[in-house]
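Please read this briefing alongside the sequence and the coordinates.

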Protein chains: 2
Amino acid sequence: MPVSTRINPNNALNFSGGPGALPQAVLAQVQDAILNVPEVGLSVLGISHRSDWFAGVVQELENNIRQLLGLDLSYHVLFLQGGATQQFSMVPMTLLHGKTQPPEYLHTGYWSGKVLGEARHETPLRVLWSGEQEGFSRLPRDEELQFSADAPYFHYISNETVEGLQFNRVLGRDDVPRVCDMSSDFLSKPCEADRFSLIYAHAQKNIGPAGVTVVLIRDELLHDMPDNLPGWLDYRSHITAHSNYNTPPVFAIYVVLLVTRWLLRDVSGLTNMSAINQRKAALLYAALDDSDGFYRGRTAREDRSLMNVVFNLDSAAREQQFLAASQRAGFSGLSGHRAIGGVRASIYNGLELNAVEQLTQFMRDFQQKTR
Amino acid sequence: MPVSTRINPNNALNFSGGPGALPQAVLAQVQDAILNVPEVGLSVLGISHRSDWFAGVVQELENNIRQLLGLDLSYHVLFLQGGATQQFSMVPMTLLHGKTQPPEYLHTGYWSGKVLGEARHETPLRVLWSGEQEGFSRLPRDEELQFSADAPYFHYISNETVEGLQFNRVLGRDDVPRVCDMSSDFLSKPCEADRFSLIYAHAQKNIGPAGVTVVLIRDELLHDMPDNLPGWLDYRSHITAHSNYNTPPVFAIYVVLLVTRWLLRDVSGLTNMSAINQRKAALLYAALDDSDGFYRGRTAREDRSLMNVVFNLDSAAREQQFLAASQRAGFSGLSGHRAIGGVRASIYNGLELNAVEQLTQFMRDFQQKTR
């Protein structure tokens with residue numbers, strides 16, 4: 001059955017904050033694979049993780065990610081369980097061995113607050129900057145950040161999904177290992193990945209379903225590591241086993257492979273993906289800026305996220321009215337995060353420009369009808 | 001499209017040791033859900049884990065598991081990431097708080113060896129019995145086991161998938177918490193679940209795809225717990241959050257829900273499932289026993305697994321010939337585990353009686369042609 005006859009139009013208008021909408025072409029391939037992976041002739045749900053086929057999936061996916069990000073073999077590419085949350089702990093568990101200085105963190109939103117909570121189970125740490133008092137309405141400027149030369153590492157989140165804040169530059173010192181949670185903008189644009197020592201990203205925003213997390217880690221970080229970690233919390237076990245230390249989430253990894261194929265072949269790389277994502281975000285922010293304050297972006301302009309466009313209307317009642325009307329019009333996932341409410345349009349890789357055009361049209365119509 | 005026109009015949013003959021074959025009726029529903037979950041109208045891969053729908057999925061799945069196993073609310077039912085391997089560590093991390101005596105373990109095969117390796121990172125322990133010297137060809141008899149009354153818990157594995165050994169009784173003392181890894185026979189039969197303090201089982205044998213692990217834990221075990229665990233390693237966090245502490249593997253959990261619906265509605269419960277599974281195993285073991293030694297079961301008769309029928313032919317060359325011929329005949333997944341070789345027919349819930357009939361017929365034909 002051709003893809004075109006299998007489209008569910010609702011998926012095209014899914015602005016969910018995550019798990020996010022996947023490209024329609026990928027969904028069609030996933031659907032086939034539930035009964036039959038072409039190269040194998042079996043359901044993807046019943047193929048051994050020890051099969052040659054799955055070893056090939058992991059290898060191709062590793063290669064695709066290296067190619068998309070321009071990374072060489074000094075980085076290991078891992079596919080782990082446990083989400084970004086597990087990385088919140090694994091990073092200090094791994095990188096503080098034999099170190100006495102505290103690692104440095106930024107507190108730029110809801111999710112970096114979660115990072116701090118888990119990291120503090122493992123170590124005292126230094127918060128270099130917090131946006132909490134300003135309601136996470138902006139990101140720090142360079143002159144507000146005093147990085148220490150002797151910190152064991154520096155950690156930040158590149159995109160805060162709840163508040164809609166995104167860094168458009170690389171932070172930190174070149175002589176201190178940079179660690180970045182890129183869960184919500186990974187593979188949405190080129191990211192100068194080779195300036196980071198460790199990058200992690202769960203799949204469920206731009207690259208796949210919930211259940212798998214990509215970790216990129218420079219080999220040199222593993223030279224001095226604690227030896228008493230459980231095997232599944234030790235990056236080296238996963239490296240040695242090619243992400244097959246214990247049964248990996250085969251299905252989720254396969255879907256991420258299909259998304260990277262789509263990025264390479266259909267989109268032709270991250271520069272193109274970035275251009276599309278910028279166009280989508282520009283349309284939405286223009287809709288806010290041109291609304292005479294009917295729609296109000298909640299963040300500083302220079303820190304606006306290209307992934308999560310977060311805004312308010314003039315009252316909670318008006319917001320509910322907007323959300324209900326958008327739902328009736330076929331849009332979904334537009335409710336703001338439960339921590340802050342409001343409206344959030346998440347426009348990850350899988351969401352097409354056309355969907356954003358439909359949403360901005362809907363926003364103009366709603367404004368007109370309401371006033 | 002009706003289910004009948006969507007069957008891939010290869011899936012029906014998939015004897016994989018895991019991830020195992022799922023019921024055809026479930027695969028058809030999963031395929032639909034990739035584009036459209038009927039109650040929601042969206043792809044299952046793009047629905048928020050914070051949606052009412054997903055809260056309903058978790059609640060129904062909890063209820064289904066309670067109903068299938070006859071468990072009351074003194075047990076919590078959790079759906080976690082990290083596989084059984086993560087539980088190998090979480091069990092001692094959780095249950096040894098304030099205890100001085102070592103926990104007791106059995107070493108009955110390849111997988112309990114893995115359990116011991118991870119548990120020893122956390123605690124000294126006492127191995128009550130090991131089958132290693134006998135090549136894991138049998139399980140212990142009651143008179144060989146001296147359980148301590150003061151052990152903080154006793155841990156064993158109900159079914160060893162690699163060697164094909166399965167306990168057909170509950171072990172341990174009623175006054176010491178029983179902990180059991182039921183990964184490879186969970187929901188394949190009634191299991192007297194209420195005699196255990198903690199049961200864990202990854203999904204990828206009988207109940208779903210790799211990527212989610214079910215944990216059943218008695219509430220009383222949580223009254224005395226360490227307070228310094230990372231949140232995601234603390235059962236209490238997951239209980240409070242209804243398995244939504246951090247983004248859960250939505251897809252895998254949904255598939256497990258569909259399998260439990262199938263068990264309740266199509267199979268009509270675990271007693272029936274057990275009868276079917278016994279019939280499948282009986283056919284295969286009869287094929288071994290009636291082969292005049294052409295096919296040789298590797299375990300003691302009284303400890304034979306109803307899930308994994310492991311056998312040898314008279315030489316490695318003959319085994320390779322058998323595996324190649326079976327592959328050509330449409331069977332898959334029959335290679336023994338890489339640790340011990342040979343042949344392994346895994347006959348989990350999703351594999352139908354008819355597939356076993358076809359395999360035993362093939363075995364008889366192969367024997368006849370070969371002799």
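This is a predicted model: local features need pLDDT of at least 70, side-chain atom pairs count only at pLDDT 80 or more; totals for chains, interfaces and linings use all residues.

Side-chain values use heavy atoms, with hydrogens and water left out, residues are numbered from 1 along each chain as its sequence is written, and chains are lettered from A and ligands numbered from 1 in the order in which they are written.

**Interface between chain A and chain B**

- Chain A and chain B each bring 56 residues to the contact, where contact means heavy atoms within 4.5 Å.
- The two chains bury about 4500 Å² between them, with 57% of it on carbon and sulfur atoms; buried area is the accessible area (1.4 Å probe) that two parts lose on being put together, summed over both.
- B:Leu35, B:Leu45 and B:Trp232 account for 16% of the area that chain B buries against chain A, more than any other three residues.
- There are 29 residue pairs in polar contact between chain B and chain A, both residues being at pLDDT 80 or more.
- A polar contact is a pair of N or O atoms within 3.5 Å; within protein, one must be able to donate a hydrogen and the other to accept it, and residues adjacent in sequence count only if both atoms are side-chain atoms.
- The side of chain B that touches chain A draws at least two residues from each of helix H1 (9-12), helix H2 (24-35), helix H4 (83-95) and helix H7 (250-266) of chain B.
- H2(B) gives the most to this side, with six residues.
- Helices (H or I, at least four residues) and strands (E, at least two) are DSSP runs, numbered from the N terminus.

**Relation of the copies**

**Sheet in chain A**

- Strands E10, E11 and E12 of chain A form an open sheet in the order E10-E11-E12, with antiparallel pairing; two strands pair if DSSP finds at least two bridges between them.
- Strand E10 (296-297) and strand E12 (343-346) are the edge strands, each pairing on one side only.
- Strand E11 (residues 308-312) is joined to E12(A) by four bridges, and A:Val309 has A:Ala345 as its bridge partner in E12(A).

**Salt bridges**

- Over all chains the structure holds 36 salt bridges, a salt bridge being a side-chain nitrogen of Lys or Arg within 4 Å of a carboxyl oxygen of Asp or Glu.
- Between chain B and chain A the count is zero.
- A:Arg265 forms a salt bridge with A:Glu60, and their closest N and O atoms are 3.8 Å apart.
- A:Arg265 lies in helix H7 (residues 250-266) and A:Glu60 in helix H3 (residues 52-69) of chain A, so the pair ties together parts that are 205 residues apart in sequence.

**Backbone geometry**

- Most residues other than glycine have a negative phi, and most peptide bonds are trans.
- The peptide bond from A:Gly18 to A:Pro19 is cis, with omega near -5°, and A:Pro19 is in the loop between H1 and H2 of chain A.
- B:Gly18 and B:Pro19 are also joined by a cis peptide bond, with omega about -10°.
- A:Asp292, not a glycine, has a positive phi of about 55° and lies in the loop between helix H8 (270-289) and E10 of chain A.
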